[in-house]
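Student: I am new to this structure. Could you show me how to read its features, step by step?

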Amino acid sequence: MLTDYLAVLLLIVGGFFFLAGTVGLLRFPDVYTRLHALTKADNLGLGFIMAGLAIQSGSWLVAGKLLVIWLLVMLAGASVAHLIARRALQRDITPWQR
Amino acid sequence: MATLIPVWFDGLLGLGLVWFAWQALSSDNLFRAIVLFVAFGLMLALVWVRLAAPDIALAEAAIGAGVTGALLLAAMARLNVVIYEQATDNNETSSPPRRRPASELVALLAAGLFVALAWTLYHLPLDTPGLRQAVSEQLANSGVSHPVTAVLLNFRGYDTLLELLVLLLALLGIWSLGQCPRQAEVATGEVLDALSRLLAPVLLLVAAYLLWLGASAPGGAFQAGAVLAAGGILLLLSGWRLPARLTRWPLRVLLAVGPLLFLCLALISLLLEGRLLQYPLAQAGGWILLIEATATLSIGAILVALFMGGNPEPGQPDE
């Protein structure tokens with residue numbers, strides 16, 4: 001019962017990070033700040049959601065698989081964010097300044 | 001579990017699917033259309049999950065969204081479309097979409113087809129067992145324990161055989177159009193290098209896992225082949241090129257081994273059992289594994305070759 005509450009809490013926190021990331025993606029002024037919002041939110045949000053699902057699964061094997069998925073998504077997300085940002089710099093898109 | 005997800009979620013999913021399809025079709029920016037198409041594919045994969053068809057969901061996500069998206073992007077790169085000009089000039093130059101003279105007729109035909117399909121769907125009985133009964137009765141004779149794999153590789157093996165041949169034919173069509181474009185060497189950077197070095201072995205492992213899993217759970221040759229292809233495309237993008245000595249025979253053998261072995265086994269089964277693709281009962285599991293393993297290699301190789309977009313053989317220089 002307690003684990004259920006914990007899992008729900010983790011899922012909600014994860015959902016909040018996804019929401020924040022999406023708002024950032026829509027509202028931030030340029031490609032760099034949007035990437036920042038997106039990758040931070042996805043890494044943390046997915047981490048919380050994976051943790052919640054792992055608790056709910058009640059199996060070490062499933063939890064291990066979820067952990068591997070999270071690590072792979074973080075690896076891919078960070079790398080792709082870097083590639084997009086580098087390409088934007090090469091195209092002389094100047095970072096936004098207040 | 002399923003009852004926890006309310007109807008509106010499914011409704012939202014279905015509407016979202018239609019919305020993505022419409023956006024992808026009506027976008028006049030090619031790049032945006034491709035991105036929307038990939039999003040549409042992922043949405044469709046979710047729909048398949050909700051319809052309790054994880055096999056198709058996997059195939060749709062890997063082939064429909066992933067590999068096809070990569071193919072479309074590669075095709076766009078060769079179209080010489082200057083996306084950025086399009087994107088920036090859009091506001092000035094975009095005019096309302098031209099109306100083609102036949103558009104009313106096409107719309108009418110599409111609407112008619114939609115009504116006919118909806119009518120048929122509405123009159124389908126809700127709870128039909130379909131062929132589930134027949135499949136589960138014969139499952140023990142198929143050599144595998146996953147019903148989808150039993151249908152794809154045994155009961156209706158010739159469908160899968162023909163799918164493999166269609167893939168090979170598509171590649172032959174592309175090769176007959178010319179050589180693959182000589183890609184300019186670009187410095188891809190340390191991050192992409194490190195990523196591809198890390199991911200290539202992982203993708204190989206995942207492909208083998210999906211292939212092995214196919215006997216008892218959702219997975220199999222097409223999904224595993226698509227994952228292999230993803231690894232190959234990643235390597236190509238990070239600057240790896242097929243060594244010239246491998247482009248003649250080794251590549252051709254790899255491309256054809258799956259369909260050829262499938263055909264050979266089909267002929268052997270015709271001679272042994274008197275029917276095409278009627279595997280000997282005791283060896284069915286082994287035959288399916290052999291077919292799926294070679295099919296995985298060929299599917300992966302064919303998809304990567306499709307991405308290359310032409311015959312990689314260094315022949316006479318292009319005119």
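Student: Which residues touch the most other members of the largest nonpolar core?

Tutor: Bear in mind that this is a predicted model. In soluble globular proteins, nonpolar side chains tend to be buried together. Here, the largest nonpolar core has 57 residues. A226(B), V227(B) and L303(B) touch the most other members.

Student: Which elements give two or more residues to this core?

Tutor: They belong to chain B: α2 (30–50), α3 (54–78), α7 (147–155), α8 (157–176), α9, α10 (221–237), α11 (249–273) and α12 (284–308). The largest share comes from α12(B), with 14 residues.

Student: What does V227(B) touch, not counting residues up to four places away in sequence?

Tutor: Look for A62(B), L203(B), V206(B), A207(B) and L210(B) around V227(B).

Student: Which residues does a second, separate core include?

Tutor: That core has seven residues. Among them are L46(A), F48(A), I49(A) and M50(A).

Student: Back to L203(B). Is L203(B) buried or exposed?

Tutor: Count the C-beta atoms around a residue; 20 or more others within 10 Å make it buried. L203(B) has 21 within 10 Å, so it is buried. L203(B) sits in helix α9 of chain B, residues 189–213.

Student: Which residues does L203(B) touch, leaving out those up to four places away in sequence?

Tutor: V227(B), L228(B), A230(B) and G231(B). Take V227(B): 24 residues separate it from L203(B) along the chain, yet their C-alpha atoms are 6.2 Å apart.

Student: Now the two chains. How many residues does each chain bring to the contact?

Tutor: Chain A gives five residues, and chain B gives five. On the chain A side, two are nonpolar, two are polar and one is charged.

Student: How do I read the helix pair α3(A) and α9(B)? At what angle do their axes cross?

Tutor: Compare the directions of the two axes. Helix α3 of chain A covers residues 60–90. Its axis comes within 9 Å of that of α9(B), and the two cross at roughly 155°. An angle over 145 degrees counts as roughly antiparallel, so α3(A) is roughly antiparallel to α9(B). The crossing is left-handed.

Student: Which residues make the contact between α3(A) and α9(B)?

Tutor: From α3(A), find L75(A), S79(A), H82(A), L83(A) and R86(A). From α9(B), find G189(B), V191(B), L192(B), L195(B) and L198(B).

Student: What classes of residue does this contact have?

Tutor: Six are nonpolar, three are polar and one is charged.

Conventions. Residues are numbered from 1 along each chain as its sequence is written. Chains are lettered from A and ligands numbered from 1 in the order in which they are written. This is a predicted model: local features need pLDDT of at least 70, side-chain atom pairs count only at pLDDT 80 or more; totals for chains, interfaces and linings use all residues. Two residues are in contact if their C-beta atoms, placed from the backbone, lie within 7 Å. Ala, Val, Leu, Ile, Met, Phe, Trp, Tyr, Cys and Pro count as nonpolar, Asp, Glu, Lys and Arg as charged, and the others, Gly among them, as polar. Helices (H or I, at least four residues) and strands (E, at least two) are DSSP runs, numbered from the N terminus. A residue is buried if 20 or more other C-beta atoms lie within 10 Å of its own, exposed if 12 or fewer, and partly exposed in between; C-beta atoms are placed from the backbone. Axes are lines fitted to C-alpha atoms, for helices over the stretch in contact, and angles run from 0 to 180 degrees between N-to-C directions. Angles under 35 degrees count as roughly parallel, over 145 as roughly antiparallel, 65 to 115 as roughly perpendicular and the rest as oblique. A crossing is left-handed if the near helix is turned anticlockwise from the far one by less than a right angle, and right-handed if clockwise. A nonpolar core is a set of buried Ala, Val, Leu, Ile, Met, Phe, Trp, Tyr and Cys residues joined through C-beta atoms within 7 Å.
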